[in-house]
Amino acid sequence: MASKIKVKAKLSGDVAEIKSLMLHPMETGARKDPDTGELVPAHYITQLTFTNNGETVMVANFSTAVSKNPYFGFSFSGAKAGDTLKVSWVDNQGATDELETVLN
Amino acid sequence: MDVGKRLLLKGGVALTVLAALPRTLLAATWPEKAFAATEADAAMSTLFGTNQAAPSDQITLKVPAIAENGAVVPVTISTTLGNVESISIVVENNPRPLAASFEIPTGTLPNVSSRIKMGETSDVIAVVKTDTGLYRTSRQVKVTIGGCGG
């Protein structure tokens with residue numbers, strides 16, 4: 001399946017500014033299905049990890065309080081054109097998604 | 001050699017191995033208990049071992065003063081503090097106050113942004129952990145429509 005992660009990376013000098021967007025329902029487990037009245041089970045990304053050329057540059061730990069279709073932005077130094085940035089997440093139900101992009 | 005001494009030696013070796021592991025391997029555990037805490041103080045104690053954080057004007061917390069939609073509240077945190085190890089977002093009045101915690105390896109800039117849900121009007125606390133301790137700054141966000149489904 002094609003990745004549902006979108007990443008934009010902007011290099012200025014050796015600093016890479018990363019903006020990422022994930023498609024995920026981020027269900028809290030406290031919301032009722034309006035049709036059935038049943039609680040919708042919690043379903044949310046727990047950990048989002050970024051590596052640059054295999055080296056971890058960010059680990060974001062999420063709770064259900066991160067908005068649906070999460071946005072996350074950060075910056076790291078020591079980046080250069082041609083580096084491979086990998087984004088991956090895992091959710092509380094064990095699902096995963098990942099995306100690789102080359103900095104330029 | 002007596003048993004006690006041998007145990008001590010073994011323990012020493014194990015500690016050395018642990019210390020030699022890359023920092024990222026140790027850090028990559030999702031802090032389940034801290035996220036489950038229902039009070040801000042308890043969440044901080046569980047995550048950091050203490051809920052005492054020194055107020056700091058070297059932390060910039062950008063949040064809207066009024067959020068029309070509590071389901072999507074943009075939060076940006078940056079700091080000029082040195083040797084930052086992690087940045088966390090705590091929403092005092094949320095049912096589970098710890099919203100997110102970001103681990104900052106050396107080389108990553110202490111500047112993160114995301115979007116969070118807020119059930120009601122609350123203080124949002126940015127907690128920055130550095131090699132010298134815990135620092136915080138907070139701002140109130142007025143929520144007109146809650147973001148927790150209701």
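Predicted model: local features only at pLDDT ≥ 70, side-chain atom pairs only at ≥ 80, totals over all residues.
View 1. In soluble globular proteins, nonpolar side chains tend to be buried together.

**View 2. An open sheet of six strands drawn from chains A and B.** The strands follow the order S1(A)-S2(A)-S5(A)-S7(B)-S4(B)-S2(B), and their pairing is antiparallel. The edges are formed by strand S1 (5-12) of chain A and strand S2 (59-62) of chain B; each has a single partner strand, so one side of each is left without a neighbour in the sheet. On average, neighbouring strands of this sheet are turned by 10° against each other, direction ignored.

**View 3. The antiparallel pairing of S2(B) with S4(B).** Strand S4 of chain B spans residues 73-79 and is joined to S2(B) by four bridges. Within this pair of strands, Thr60(B) stands opposite Ser78(B) of S4(B).

**View 4. Met26(A), a residue other than glycine with positive phi.** Most residues other than glycine have a negative phi. The phi of Met26(A), by contrast, is near 50°. Met26(A) lies in the loop of chain A that runs between strand S2 (15-22) and strand S3 (45-52). Is this residue buried or exposed? Met26(A) is buried, because 21 other C-beta atoms lie within 10 Å, where 20 or more are required.

**View 5. Asn69(A), in the loop between strand S4 (55-62) and strand S5 (71-76) of chain A.** Asn69(A) is not a glycine, yet has a positive phi of about 50°. Asn69(A) counts as partly exposed because it has 15 C-beta neighbours inside 10 Å, a count between the limits of 12 for exposed and 20 for buried residues.

**View 6. Asp14(A), in the loop between S1 and S2 of chain A.** Asp14(A) is exposed, because 11 other C-beta atoms lie within 10 Å and the limit for this class is 12 or fewer. Which residues does Asp14(A) contact, leaving aside its neighbours within four places in sequence? They are Ser77(A), Gly78(A), Ala79(A) and Lys80(A). Val90(A) is 76 residues from Asp14(A) along the chain, and the C-alpha atoms of the two are separated by 29 Å.

Methods. Residues numbered from 1 in each chain as written. Chains lettered and ligands numbered in written order. Helix = DSSP H or I, 4+ residues; strand = E, 2+ residues; numbered from the N terminus. Pairing = 2+ DSSP bridges. Axes fitted to C-alpha atoms, helices over the stretch in contact; angles between N-to-C directions. Contact = placed C-beta atoms within 7 Å.
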